[in-house]
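Biologist: Let's walk through this one together, one question at a time. Could you show the sequence and the structure?

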Amino acid sequence: MAPSKPTRITNRIRALRFGHDEMTQAQLAERVGVTRQTIIAIEQGRYSPSLEVAFQIAHVFGVPLDEVFQYPGVSTGSEEGQRR
Amino acid sequence: MSYEEKGVWAYLISSAGAYIAYLAIVVPRLLHTPVSQVSYRVPLLLTTIASVIIATVVRSVLEVARPSDSKKADVRDRDIARFGEHASRWCVVGGAIAGFIGAFDHWDYFWIGNVIYLGFVLWAVVGSVLRLVAYRRGL
């Protein structure tokens, strides 16, 4: 059975991890200060992180928040900036 | 499975198991003895204490079988715990209200004690199940 997704927020954590020397979920979890299971749940869209955790994840990858998390139907600030 | 999720499994197994053991002891007595003479206090206290010990043992066994990366609860664990407590609190409220009604209506102490105990057991079981669903399906 496919896991349900209680949140509409999508994310690029998996892609960003692979783009950062194939960072493991455990390594990201350690740097953010959460359990590996929480990173898995966030990646799979089963848990919406708190704003603080979301910023911490973005900080680890050195990118703005909206390059990590997206909300469908809402254009991101980065996309707006690229259009200009 | 995180350390906290293992703890929830242990709590669920111990709570449900202890109550089943309690019923297995008390119900046969209830069938052959007038309610006012049924001895239920010692089994109630013993199964409650046993449930705490069983929870500790089950959690330790699960931890030995599948060691956790970390034993610290994080923000998701706390969110899920809060959700479970919040959603299942009505079981305790229901047990307390039933206890009040029993006292007002002069029920036997046996029924008052047991309906309150049932409220606590349902609170533990329902809260644990909701937390496990949240761990598995998302919050």
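**Starting with the cavity**

Modeller: By class, the residues lining the largest cavity are 5 nonpolar and 4 polar, with no charged ones. Keep in mind that this is a predicted model.

Biologist: Let's switch to chain B. What pattern does chain B follow along the sequence?

Modeller: Chain B has 4 helices and 0 strands. Its C-alpha trace spans about 55 × 30 × 20 Å along the principal axes. Read along the sequence, the pattern is α-α-α-α.

Biologist: Now the place where the chains touch. How much area do chain B and chain A bury between them?

Modeller: The size of an interface is often given as the accessible area lost when the parts come together. Here the contact takes 14 residues from chain B and 14 residues from chain A. Of the buried area, 48% is on carbon and sulfur atoms. The total buried between chain B and chain A is about 1200 Å².

Biologist: And which residues in chain B lose the most area to chain A?

Modeller: We're looking for the residues of chain B that give up the most area to chain A, and together they make up 43% of what that side buries. They are D74(B), R76(B) and R137(B).

Biologist: Which residue forms a salt bridge with R36(A)?

Modeller: Over all chains, the whole structure has 6 salt bridges, and the count between chain B and chain A is 1. R36(A) sits in helix α3 (residues 36–43) of chain A, and its partner is in the loop between α2 (41–65) and α3 of chain B. The closest N and O atoms of the pair are 2.8 Å apart, inside the 4 Å cut-off for a salt bridge. The partner is D69(B).

Biologist: Which helix gives the most to the side of chain B that touches chain A?

Modeller: Across this interface, 6 residue pairs are in polar contact. On the chain B side, α3 (75–104) and α4 (109–137) each supply at least two residues. The one that gives the most, with 4 residues, is α3(B).

Biologist: Last one: how many charged residues are on the side of chain B that touches chain A?

Modeller: Sort that side by class and you get 4 nonpolar and 2 polar residues. The charged residues there number 8.

Key
Residues numbered from 1 in each chain as written. Chains lettered and ligands numbered in written order. Predicted model: local features only at pLDDT ≥ 70, side-chain atom pairs only at ≥ 80, totals over all residues. Heavy atoms only, no water. Contact = heavy atoms within 4.5 Å. Buried area = accessible area lost by both parts, 1.4 Å probe. Salt bridge = Lys/Arg side-chain N within 4 Å of Asp/Glu carboxyl O. Polar contact = N/O pair within 3.5 Å; in protein donor to acceptor, adjacent residues only side chain to side chain. Nonpolar A, V, L, I, M, F, W, Y, C, P; charged D, E, K, R; others polar.
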